[in-house]
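Subject: Structure handover

Hello,

Please find the structure below. My notes on what was found in it follow.

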Amino acid sequence: MKGLFIKDLCLLKNQKQTYLITLILCIGIAFAVTEYDGIFCISFSAIIATTMALGTLSYDMYDNGGSFLLTLPFSRRDYVREKFILTILLSLAGAVLGLLLSLISSGFQGFSAELWEINILIWLVCTVMVSINLPIRLRFDSEQGRLISSAVLIVVYILGYSLLGWANRIWKTRELESLIANRSWLLLMILAISVIVLLSSYKVSIKVMEKKEY
Amino acid sequence: MIRLIQVQKHYKDFTLNCSLTINPGRIVGLIGPNGSGKSTTFKAILGLIGVEGGAIEVLGKQVAPAPEVDTQKLFEARDREKLGVTFADSGFSGYLTITDVIKIQKAFYISFNEERFLSECKATKLPLKKPIRSFSNGMKAKLKVLAALSHNASLLLLDEPTAGLDVIARDEILTLLRKYMEEDENRAILISSHISGDLEELCDELYMIDNGNVIWHEDTDKLLSDYALLKLTEKQYEALDKTWLLRTRQEDCSIVCLTNEKEFYRENYPDVVIENGGIDDLIYFLVKGARVSGGAL
């Protein structure tokens, strides 16, 4: 599996400019917007990082590359496992980097436990996004697959952002302090849902990959 | 090294039903017209497609699915370290560079010989830092073969490794393959190509596949020494002993027959025009020619 990670890191190296532009954009927004809460920066950075990680699948399949790739000494299960680990770790790195950038841009004014929780929540949204996307991208590596996964990506982004807004509203409403006191439970619940979706997606992905013909 | 026994794979309009054996020390060519099943055979051996019947044995282990086989005898991912594979239409992602390929090969293969791979790349003037997608067809083909040879593989599976290359690039690749075989007598190669000259020069034996079935198997030496085309008038054809004729074909003013007993006809029919046969003639006649009643095949 080490070889797969190295391959993907080499492929991701080609996209460093895209991510650099994302980070510059995040910094620019953080400076431009007064009372900036950091959510955009974290979510934008995390989602771009996740999309880039998912994009390694397209690089693998570029020019019919899947047939050759699967003759290298790793199992199909290893391939799925590596893609899950890579995308989840990169989305986490993206979220953390987005958080750090928001903090640096605001001169560490907005540092709070709430921002950390939002960071975790965004990462969980990305994890769900990965869970939905990976089996689709593994199953369809044609134009159809890209269209389906793009559509799903947009839907997940809208849903995730709405969920964040909703959670944010709850957490900022003083009248709902009792709920705020239990927000760790809320986070845990979302974490549990994400883990269930992730594990189900992993199982489906393994089945898709094992049946796939090249 | 490889044993395919009645391997079956059904598609909507094509069925593969293939048996072949490759022994150590042999270079075996797989020939046949486009769409005959050569690439499907490679993919079945490599487990890239599932098969519906028969058995595939690679390096003494069963390629899945083989439910009744002891798991220790199953061909697993780590066994692929002993294989070197090239496809005409597939390879390392075009977004990678040779420098990236070195890192990847080093991580995948314990026996990867970085020094040798690098020196071969430099000797063949492959750019190390440019993305593979910017390479010419010849450069891409050389890289594929060099990568397949870079980790001391016991068995090479090369599907059209010289496709689209000029004569010099082809010769360089064939030289690399000969060198690979000279280094260890227990190695073997299964190769397919549309360029018959390459196979006649390189292969010890040939299998011909058509419509998914192996229709002919012979040593290359025997093909080159014993096979021939007889160019006959109708009168000569009527008088001819047809026992050793494989296929026949009516042309403008003559009947052309493929035989695998050139000397028999040379000795007994001195007036008949006899031309040496090659792979191209063989494919053409076995696919397009008519069977001869009482003939050899």
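Two residues are in contact if their C-beta atoms, placed from the backbone, lie within 7 Å. With that cut-off, among contacts in chain A between residues at least 6 apart in sequence, 82% join residues at least 24 apart. Please note that this is a predicted model.

Chain A

The secondary structure of chain A consists of nine helices and zero strands. Read from the N terminus, its elements run α-α-α-α-α-α-α-α-α. Chain A has 214 residues, of which 33% are buried.

Helix α3 of chain A covers residues 39-61, 23 residues in total. From its first C-alpha to its last, α3(A) reaches 34 Å, close to the 33 Å expected at 1.5 Å a residue. Is α3(A) mostly covered or mostly uncovered? It is mostly covered, with 18 of its 23 residues buried. A:D63 follows α3(A) and has a positive phi, near 55°.

Contact between the chains

On the chain B side, 25 residues are in contact with 24 residues of chain A. Both β6 (83-86) and α2 (98-108) of chain B supply at least two residues each to the side of chain B that touches chain A. The largest share of that side, five residues, comes from α2(B). By type, the residues of the side of chain B that touches chain A divide into 13 nonpolar, five polar and seven charged.

Chain B: a helix pair

Helix α4 (residues 137-149) and helix α5 (residues 167-183) of chain B pack with their axes 10 Å apart, at an angle of about 5°. Angles under 35 degrees count as roughly parallel, and α4(B) and α5(B) are therefore roughly parallel to each other. From α4(B), the contact is made by B:G138, B:A141, B:K142, B:V145 and B:L149. From α5(B), it is made by B:A169, B:E172, B:I173, B:L176 and B:Y180. The residues of this contact divide into seven nonpolar, one polar and two charged.

Chain B: a hairpin

Strand β9 (residues 205-210) and strand β10 (residues 213-219) of chain B run antiparallel and are joined by six bridges. Which residue of β10(B) is the bridge partner of B:L206? The partner is B:E218. The hairpin of β9(B) and β10(B) has two residues between the strands, and B:N211 takes a positive phi near 50° in this hairpin.

Regards

Terms used. Residues numbered from 1 in each chain as written. Chains lettered and ligands numbered in written order. Predicted model: local features only at pLDDT ≥ 70, side-chain atom pairs only at ≥ 80, totals over all residues. Pairing = 2+ DSSP bridges. Helix = DSSP H or I, 4+ residues; strand = E, 2+ residues; numbered from the N terminus. Buried ≥ 20, exposed ≤ 12 C-beta atoms within 10 Å, placed from the backbone. Nonpolar A, V, L, I, M, F, W, Y, C, P; charged D, E, K, R; others polar. Expected span 1.5 Å × (residues − 1). Axes fitted to C-alpha atoms, helices over the stretch in contact; angles between N-to-C directions. Parallel < 35°, antiparallel > 145°, perpendicular 65-115°, else oblique.
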